[in-house]
Amino acid sequence: MSILPSSLALTVHTRRRACVLDTQLALSPYGLLLARRLGEVLDLWLVRELWQILDSTYYYRSNPSQLIPPIPGTATITAPSGNCQTIGTVLAQWDLARAATDLAGLKVYWVGDALNESLLPAGTDTHLISRFETLAAALESAVPNAFQNDEQPHLFSDCSRDTAALAAALIPYKGFILTSGSKGDEPEPLLCTYLKEHFHISCVKLGRKQSRLERDFLNSILAEAALSELLWAGLKLAALHLVVPGAVMMPVNDKSEETFPHDFDLPAEATGEHEQQWWKDARCFWYPVGP
């Protein structure tokens, strides 16, 4: 005779993949729709710099050209001036969405300046914030002269820094980056250009065979989120995966936030003025997403 009840409900909880939505994509005409729908099927993260932009939409709606990323190392504007109107519309959409629901209702996560200013998925270790801060500071220190042709660093450099640092900090949660794909003759996503030119991270494009498993996974995610039609309509997406050996050595347990990094045995070359060694041998692999 069976000792099990005749009706047994078994629920298995599996952690969802972490996805960082690049700021350029988040501020595109489809950005808000992507954020809302992907948040249903992934742990979707927005970077801190994006929230600062969204907290200042009144200013940027009057100065939309500041949200048009230049080509790294130059003062060239990549987008036509007509895109300023589009940016204004996108910012208005985000304003309406935030006014219509609380931040938790958008089903996205972010790392703020402190734990009480962040929104993390249940079960996320509190070292995530320290990892992000350390990795972002290391990237910042790596590029003192990156903007020698600009009067001042562009906002999108900070966004790219935060995107890469957050994705690396999310390595324990299988994090990856979703960004705008290249169009026409452009060889790679703009984010890859920033990673190479500003932060000296090599970027390698994967072929269809090499990326097949991940592409199949993302295509299924997009279908589940009812986003395939955007690809059919011409939306170009690309996925970036970072390999950061230094980030793998960072603590992920949840003993105490105060213990990091003081009681953690940092690699000798990754301390003090050599903190950028956290990104030593870091690499990025990317591929277009879609059919």
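**Exercise 1. Describe how H2 and H5 pack: at what angle do their axes cross, and which residues make the contact?**

Step 1. Take the axes, which are lines fitted to C-alpha atoms, for helices over the stretch in contact; angles run from 0 to 180 degrees between N-to-C directions. The axes of H2 and helix H5 (residues 83–100) come within 9 Å and cross at roughly 35 degrees.

Step 2. List the residues in contact (heavy atoms within 4.5 Å). H2 supplies Gly31, Leu32, Ala35 and Arg36, and H5 supplies Gln93, Trp94 and Ala97.

Step 3. Sort them by class. Ala, Val, Leu, Ile, Met, Phe, Trp, Tyr, Cys and Pro count as nonpolar, Asp, Glu, Lys and Arg as charged, and the others, Gly among them, as polar. The contact of H2 with H5 has 4 nonpolar, 2 polar and 1 charged residues.

A note on the model. It is predicted, so local features need pLDDT of at least 70, side-chain atom pairs count only at pLDDT 80 or more, and totals for chains, interfaces and linings use all residues. Residues are numbered from 1 along each chain as its sequence is written, and side-chain values use heavy atoms, with hydrogens and water left out.

**Exercise 2. Are H7 and H8 roughly parallel or roughly perpendicular to each other?**

Step 1. Helices (H or I, at least four residues) and strands (E, at least two) are DSSP runs, numbered from the N terminus. Here the helices are H7 (residues 155–169) and H8 (residues 190–199).

Step 2. Find the crossing. The axes of H7 and H8 come within 10 Å and cross at roughly 95 degrees.

Step 3. Apply the cut-offs. Angles under 35 degrees count as roughly parallel, over 145 as roughly antiparallel, 65 to 115 as roughly perpendicular and the rest as oblique. H7 and H8 are therefore roughly perpendicular.

Step 4. Name the partners. Phe156, Ser157, Ser160, Arg161, Thr163 and Ala164 in H7 meet Leu191, Tyr194, Leu195, His198 and Phe199 in H8. By class, this contact has 6 nonpolar, 4 polar and 1 charged residues.

**Exercise 3. In what order do the strands of the open sheet stand, and which strands are at the edges?**

Step 1. Two strands pair if DSSP finds at least two bridges between them. The order is S2-S1-S3-S5-S6-S4, with mixed pairing.

Step 2. Look at the ends. S2 (43–45) and S4 (202–205) each have a single partner strand, so one side of each is left without a neighbour in the sheet.

Step 3. Check one pair. S1 (residues 18–21) and S3 (residues 176–180) run parallel and are joined by 3 bridges. Val20 stands opposite Ile177 in S3.

Step 4. H2 (residues 31–38) lies across S1, S2, S3 and S5 (237–243). H8 also packs on the sheet, touching S3, S4, S5 and S6 (283–289).

**Exercise 4. Which residues touch the most other members of the largest nonpolar core?**

Step 1. A nonpolar core is a set of buried Ala, Val, Leu, Ile, Met, Phe, Trp, Tyr and Cys residues joined through side-chain atoms within 4.5 Å. Buried means under 20% relative accessible area, exposed over 50%, partly exposed in between (1.4 Å probe, protein chains only).

Step 2. The core has 90 residues, and Leu38, Trp45, Trp94, Leu195 and Trp279 touch the most other members. H7 gives the most to this core, with 9 residues.

Step 3. Trace Leu38. Leaving aside neighbours within four places in sequence, Leu38 is in contact with Leu44, Leu178, Ile221, Leu222, Ala225 and Leu227.
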